[in-house]
Amino acid sequence: MKYLILTIMLVSSIVANDKLRQSALYYGLKAVPKDLASLQKELDLDKGELSFEKVSLGKKLFYDKNLSLGRDISCASCHNFQKGGADGLSTAIGHKNQENPFHLNTPTVLNTAFSKQYFWNGRSDSLQDQAKGPLQAKFEMAITPKLAEQRIKENKAYEKMFLDAFGTKEISFDKIASAISSYEKTLLTRGKFDRFLEGDLKALNKKEKEGLNLFITKSCVGCHNGIGLGGQNLRRFPLVHHKIWSMKTIDEVNSLKKKYNAFLVNLNESKKYYKMEFNDNKSLIAFLEKSFGKEDLKLLREGFFHLYPEQIAYKEIVSKACISCHDKRNNEVDRDKLAKIVFPFENKGGFLGKDDPQRYFRVPLLRNVVKTNPYFHNGGIKKLEEAIKIMVQHQHRTKITDDEVEKLVVFLKAVDGEFVEYVRE
């Protein structure tokens, strides 16, 4: 009887684990390919794209500081493999120590072969095109295509490498970018999460599997899917302008808005506020608490007026109200104000993602995310736990416990992996 019970428990565990695996696969999670042939098939590449000669050339160029105007930085300077393929900085630093003017940080280069969108606003759709951007940007490597070609030609060792890789000694900017992108396509990592997806149901422990289940049920997988757990598309972030939409249900928010509108109408008609004298902020708060109640006033301030310091927020509530940000004629919000009020962290640089429509960002890759802090486009959040809470609250509009956050972090650590050597001589 004892052995029967153990057998039933074992079978039940196997069934549950396989069900979780099938669920992960159903929602678009896939393992990193094991070998070169599988990788080429997955990426739909010609055999020559990842030849030893072309990848070796790309690797040398990736580390070559001569491709920067000051001959002092290379692609590898900002893509440190010990830091998850990023640089650990909140904003990228380039030529002459210039900061990115939009305060954008460096996305990881690891596993980015599986992306379909590149840069924070998704303006490139190929790694080769992406590679040209940092080389030419004045605040990054600041080199011109002509100067890049000239610098590479100075090193005669490159002649044979280009000949072996491309079948000709001709050196061009397009070929430089092509070789770099070929090397970057081999910067892939595999770990126990990949083995689990491939059928090794014991690869993940209990807590890691619980984290994977949360990753699915909390809808993280809705955006962070594919082999790279991201990079497949652009998504709006955050979904709504005001924090209150992520704090309460739609009915609760609408009820408060109705109450606030009635307050403003009454205030305007009676001119009561204008006849009152508030010697300090304390008396103003007392007036508002009497009008709304403490809880609704707190929601009003934190949900709609959260960017204002407390002393100013209450004055805005009774004076300018919504028109402190919204245009009275069309209800639109000024771009500069929107860049400040919309994010659940300080939006240094004022970046709003893709220009049209605004606030659409490339979904970041989550492989090796445990090493790529700080998080979000401008490095506004330092800890992964806080980043998870923000995403669950503002994108899924639900709550999450500290225990659930911990399980998600444990799962993401299981997604972390070691380099796979695909190309050999």
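These legends describe close-up views of one predicted model. Residues are numbered from 1 along each chain as its sequence is written, and side-chain values use heavy atoms, without hydrogens or water. Because the model is predicted, local features need pLDDT of at least 70 and side-chain atom pairs count only at pLDDT 80 or more, while totals for chains, interfaces and linings use all residues.

**View 1. The largest nonpolar core has 48 residues.** A nonpolar core is a set of buried Ala, Val, Leu, Ile, Met, Phe, Trp, Tyr and Cys residues joined through side-chain atoms within 4.5 Å. Buried means under 20% relative accessible area, exposed over 50%, and partly exposed in between (1.4 Å probe, protein chains only). Leu-29, Phe-193, Leu-212, Phe-215 and Ile-388 have the most contacts inside this core. Helices α1 (2-26), α9 (192-197), α10 (206-217), α16 (335-341), α17 (384-395) and α18 (402-415) each supply at least two of its residues. The top contributor is α18, with seven residues. Helices (H or I, at least four residues) and strands (E, at least two) are DSSP runs, numbered from the N terminus. A separate core has 40 residues, including Leu-45, Phe-114, Ile-171 and Ile-176.

**View 2. Phe-215 and its contacts.** Contact means heavy atoms within 4.5 Å. Residues up to four places away in sequence are not counted.

**View 3. Ser-115 is a buried loop residue.** Ser-115 sits between α4 (75-78) and α5 (127-136). Its relative accessible area is 8%, so Ser-115 is buried. The side chain of Ser-115 makes a polar contact with the side chain of Arg-362, at 2.8 Å. A polar contact is a pair of N or O atoms within 3.5 Å; within protein, one must be able to donate a hydrogen and the other to accept it, and residues adjacent in sequence count only if both atoms are side-chain atoms. Beyond neighbours within four places in sequence, Ser-115 is in contact with Gly-231, Gln-232, Arg-362 and Leu-365.

**View 4. Helix α2 (residues 36-43) has buried and exposed residues.** Leu-39, Gln-40 and Leu-43 are buried. Down the axis of α2, the buried residues fall within an arc of 100°, so they line one face of the helix. The arc is that of the directions from the helix axis to the C-beta atoms. Ala-37 and Lys-41, on the other side of α2, are exposed. At the start of α2, a side-chain oxygen of Asp-35 comes within 3.4 Å of the backbone nitrogen of Ala-37. Asp-44 follows α2 and has a positive phi, near 55°.

**View 5. Two of the aromatic pairs, Phe-237 with Phe-343 and Phe-263 with Phe-287.** The whole structure holds 23 aromatic pairs. Rings of Phe, Tyr and Trp (its six-membered ring) pair if their centres lie within 6.5 Å; planes under 30 degrees apart count as stacked, over 60 as edge-to-face and the rest as tilted. The ring centres of Phe-237 and Phe-343 are 5.9 Å apart and the planes are at 45°, so this pair is tilted. The pair ties together parts that are 106 residues apart in sequence. Both Phe-237 and Phe-343 are buried. For Phe-263 and Phe-287, the centres are 6.2 Å apart and the planes are at 50°, so this pair is tilted. Phe-263 lies in α11 and Phe-287 in α13 (residues 281-292).
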